[in-house]
Amino acid sequence: MKIAFFDTKDYDRIWFEKLAPEYGYEFVFYDTRCTEDTAILASGCDAVCVFVNCVLNKKAIDKLYELGIKAILLRCAGYDNVDLDACKGRIPVLRVPSYSPTAVAEYAAALFLTLNRKIHKAYTRTREFNFKISGLMGVTLRGKTAGVIGTGKIGKIMIEILKGFGMNILAYDLFPDTSLDVEYTTIDDLLKRSDVITLHCPLTDDSKYIINKNSISKMKDGVILVNTSRGALVDTAALIDGLRANKFRGVALDVYEEEDEYFFEDRSGEIINDDELIKLMSFPNVLITSHQAFFTEESLEAIATVTCENLKCVIEDRELENEVTR
Ligand code: NAD
């Protein structure tokens with residue numbers, strides 16, 4: 001089996017090349033992302049392996065189908081970048097539903113702690129032998145309220161971590177898990193009562209801009225917002241207005257609405273044309289990282305293993321447990 005591997009990074013190659021002989025796969029690695037313009041590179045391959053910022057719209061899917069591609073292997077959990085309707089009955093789309101929810105939850109907590117206690121600023125100060133602590137004050141978390149939106153695999157682990165800090169937890173989910181020892185409430189109540197709000201729901205038509213002008217207006221003044229899920233859960237323009245109005249103690253983002261252009265790439269020598277990203281960067285209380293919450297050794301190994309197994313299921317005509325369904 002020959003697999004066109006798009007949006008390749010050095011760390012991807014290590015794990016996939018290690019597994020290739022065991023599965024009898026040949027990977028053709030491309031740096032470029034898979035889009036309607038680059039899908040042609042999969043010519044002569046049996047499957048494609050893509051990541052979060054590949055854009056598999058109808059035209060790209062049509063092209064892949066024309067080329068005889070037998071499987072689209074997402075080496076990630078989210079699948080909002082794939083036109084599933086265009087795939088239906090033509091090419092199975094398989095994902096890695098859970099490679100390390102712990103890694104993402106741990107990272108969300110790390111980001112939130114860093115932001116609250118301004119460790120990122122302290123680090124750069126002390127590197128320059130500036131040992132002043134003025135401006136680095138945070139808040140004690142014990143007794144404060146954390147609102148968790150989305151209580152699936154990652155949200156559940158985040159709840160455990162936040163409970164470990166002695167925080168009170170409020171949860172909101174379209175499908176509450178009644179076995180969970182947590183207070184479920186309405187989204188409005190969560191917005192109103194939380195000192196920290198952390199997003200762990202997927203991006204869907206329902207959840208797009210779940211954080212918007214209206215929801216921000218319902219939040220407490222001095223709230224901390226953490227997004228490690230998907231950028232478009234937050235209306236960036238509304239977020240910027242909220243930051244300008246001093247609504248937030250801090251905002252930590254591992255994902256950004258328009259991240260496709262920039263995240264995972266070195267753009268340090270280039271002119272950045274995204275005004276909203278520049279504005280966000282300019283706020284002293286915003287901490288942005290480049291979609292790295294999943295990025296642990298364990299996650300990468302799990303992603304490679306499950307992706308290879310997913311293709312094996314297609315080849316052997318077995319039940320496709322990880323096929324994406326709406
Ligand atoms: P999951 O499917 O286990 O849980 C998602 C939960 O969100 C479910 O309980 C679901 O009912 C709930 N939900 C769905 N729509 C909702 C809505 N509109 N409002 C409230 N709740 C809603 O998913 P998971 O494994 O916990 O992952 C959550 C998200 O994290 C993924 O969809 C992905 O976008 C993101 N993620 C980010 C990274 C990263 O590196 N930053 C890595 C993996 C996953």
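Predicted model: local features only at pLDDT ≥ 70, side-chain atom pairs only at ≥ 80, totals over all residues.
## Ligand surroundings

The ligand is surrounded by 24 residues, and the closest of these are Lys153, Ile154, Asp173, Thr228 and Phe294. Asp173 also has a polar side-chain atom that lies 2.6 Å from an oxygen atom of the ligand.

Two further pairs involve an oxygen atom of the ligand. In one, a polar backbone atom of Gly152 is 3.5 Å from a ligand oxygen, while in the other an N or O atom in the side chain of Ser229 is 3.4 Å from a ligand oxygen.

## Helices α4 and α6

Helix α4, formed by residues 101-117, and helix α6, formed by residues 153-164, have axes that come within 8 Å and cross at roughly 50 degrees. The crossing angle therefore makes α4 oblique to α6, and the crossing is right-handed.

From α4, the contact draws on Pro101, Thr102, Val104, Ala105, Glu106, Ala108, Ala109 and Phe112, and from α6 on Lys153, Ile154, Ile157, Met158, Ile161 and Leu162. Sorted by class, the residues of this contact comprise 11 nonpolar, one polar and two charged. Lys153 and Ile154, which belong to the α6 side of the contact, are also among the residues closest to the ligand.

## Helices α9 and α10

The axes of helix α9 (residues 236-244) and helix α10 (residues 275-282) come within 10 Å of one another and cross at roughly 30 degrees. Because angles under 35 degrees count as roughly parallel, α9 is described as roughly parallel to α10, and α9 passes α10 in a left-handed crossing.

On the α9 side, Thr236, Ala237, Leu239, Ile240, Leu243 and Arg244 take part in the contact, where they meet Glu276, Lys279 and Leu280 of α10. By class, the contact of α9 with α10 consists of five nonpolar, one polar and three charged residues.

How values were computed. Residues numbered from 1 in each chain as written. Heavy atoms only, no water. Axes fitted to C-alpha atoms, helices over the stretch in contact; angles between N-to-C directions. Helix = DSSP H or I, 4+ residues; strand = E, 2+ residues; numbered from the N terminus. Parallel < 35°, antiparallel > 145°, perpendicular 65-115°, else oblique. Left-handed = near helix turned anticlockwise from the far one by under 90°. Contact = heavy atoms within 4.5 Å. Nonpolar A, V, L, I, M, F, W, Y, C, P; charged D, E, K, R; others polar. Near = heavy atom within 4 Å. Polar contact = N/O pair within 3.5 Å; in protein donor to acceptor, adjacent residues only side chain to side chain.
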